[in-house]
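Me: I'd like to go through this structure feature by feature. Could you give me the general idea each time and then the case here?

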Amino acid sequence: MLLIKNVMLVDALGERGPADVLIGEGRILSLSGGEAERVLEGKGLLLAPGFLDLHAHLREPGQEVKEDLASGLLAAVRGGYTDVVSMPNTTPPVDTKEAVQALRKKAQALGLARLHPAAALTQGQEGKALTEAGLLKEAGASLLTDDGRTNEDAGILAAGLLQASAFGLPVAVHAEDASLRRGGVMNDGPLADLLGLPSNPPEAEAARIARDLEVLRYAVRRSHGKPHLHIQHLSTKRGLELVREAKGAGLPVTAEATPHHLTLTEEALRSLDPLYKVAPPLRTQEDLEALIEGLLDGTLDAIATDHAPHTQAEKEMDLLRAPFGIPSLEVAFPLLYTELHRKRGIPLKRLVELFTDGPRNILGLRPLHLEEGAEASLVLLDPKERPVDPRGFASKARFSPWAGWVLGGWPVLTLVEGRVVHQALE
């Protein structure tokens, strides 16, 4: 038994407390105390449901030099995540039931965050032949996606949505038109022209979202199930407007935004530092402000990290050759707690919802609230501020665009079904 005394509670239902939270048998037994072998003083701390990341690159199998399940899932629990969706663009891609089962078995043995592997929508992520959605769902796949590649064939995407709908699987898309994106390494605009860098226009995202929404409209009309299209790492004002319009028309579409698109802009690329090279690229301040509005009005359903670790040597290449991606599992919540809640006044319950019920709803999981009888997959948060030091990351990628930023809201205790999987209490 564990008792956390005098702690404030926050979930999608709101803020309340203080409460004395008794945890045992994997559940919240009481919010008004009780006898326990271990007692923690929670005064000044916040207790929330465990976070779920819809979009993390854990690199296993085949790219373990960048990250593996052990390092990635340890980074996750240190970031307050009790559940993680791993992307399938590995070597080889996760496109069979055996690959999904192997990942789940290894993750369960590690006993850290729970893994919900995404599987490839097409065989080899080549965009040509569909994978077996039913077998993948039976093996434990949480969604289907060719993330890391764009789905250029609209007919294949339509067929994938129809097949996936029969098994209740969302289809997630990296929404960029490859012919417009070309070799762009930063946002298209005056700054890219000034720096002489190949650019990726916002229209590449908007054009593909517009097409994919029409494909979804077709799938809804033709399906006997419930197709579900999920837009990954949405980055532009226009893309957001298209999703908002589609939701208003009743289309079954959801969307996520990332910590980097919510806190950084293309201006960071003035440094020519590949640390800021991501796909889709960092956009303008106007795009950033639009995304924050989308968090508030419900156009965006979740915050997902797009945690993308690489080796230090790769990220120290020049901007044209360095890979795209930022590691963020360990700093995502403190970053947005500080930048969006403290500095911009976004309600804490909404921020927590975007890390918990929002992504859970997308996967068809039950909401997780702080109430008696609820599953004790929880995170204890410390509002005290400290600087980001990537040298101490559990991730193998020990670099960060937020190095030195002073943040509050750090996870100091993470529980998965009542088990302590991370503890950093003073």
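Me: Let's begin with V39: leaving aside its neighbours within four places in sequence, which residues is V39 in contact with?

Reply: Contact means heavy atoms within 4.5 Å. On that reading, with neighbours within four places in sequence left aside, V39 is in contact with L3 and K5. Before we go on: this is a predicted model, where local features need pLDDT of at least 70, side-chain atom pairs count only at pLDDT 80 or more, and totals for chains, interfaces and linings use all residues. Residues are numbered from 1 along each chain as its sequence is written, and side-chain values use heavy atoms, with hydrogens and water left out.

Me: Where does V39 sit, and is V39 buried, partly exposed or exposed?

Reply: Helices (H or I, at least four residues) and strands (E, at least two) are DSSP runs, numbered from the N terminus. V39 belongs to strand β4 (residues 38-41). For burial, take relative accessible area: under 20% is buried, over 50% exposed, and partly exposed lies in between (1.4 Å probe, protein chains only). V39 has 48%, so V39 is partly exposed.

Me: And what about H233: buried or exposed?

Reply: H233 is buried, because its relative accessible area is 2%. You'll find H233 in the loop between β13 (229-231) and α8 (237-248). Beyond the neighbours within four places in sequence, its contacts include H55, D147, H174, E205 and D306.

Me: Which side chain does the side chain of H233 make a polar contact with?

Reply: A polar contact is a pair of N or O atoms within 3.5 Å; within protein, one must be able to donate a hydrogen and the other to accept it, and residues adjacent in sequence count only if both atoms are side-chain atoms. Here the partner is the side chain of H174, at 3.3 Å.

Me: On to strands. How many bridges pair β1 with β2?

Reply: Strands of a sheet pair through backbone hydrogen bonds, either parallel or antiparallel. Two strands count as paired if DSSP finds at least two bridges between them. Strand β1 (residues 2-11) and strand β2 (residues 14-24) have seven, in the antiparallel sense. I4 has V21 in β2 as its bridge partner, and the two strands make a hairpin with two residues between them. β2 also runs antiparallel to strand β3 (residues 27-30), joined by three bridges.

Me: Which strands form the open sheet with parallel pairing?

Reply: Three of them, in the order β6-β7-β8. The edges are β6 (51-56) and β8 (114-115), each pairing on one side only. β6 pairs with strand β7 (residues 81-86) over four bridges, and D53 stands opposite V84 in β7.

Me: How many aromatic pairs are there?

Reply: Rings of Phe, Tyr and Trp (its six-membered ring) pair if their centres lie within 6.5 Å; planes under 30 degrees apart are stacked, over 60 edge-to-face and the rest tilted. That gives six aromatic pairs. F333 and F355 have ring centres 5.2 Å apart and planes at 80°, so they are edge-to-face. F333 is in helix α12 (residues 332-342) and F355 in helix α13 (residues 348-355), so their pair ties together parts 22 residues apart in sequence.
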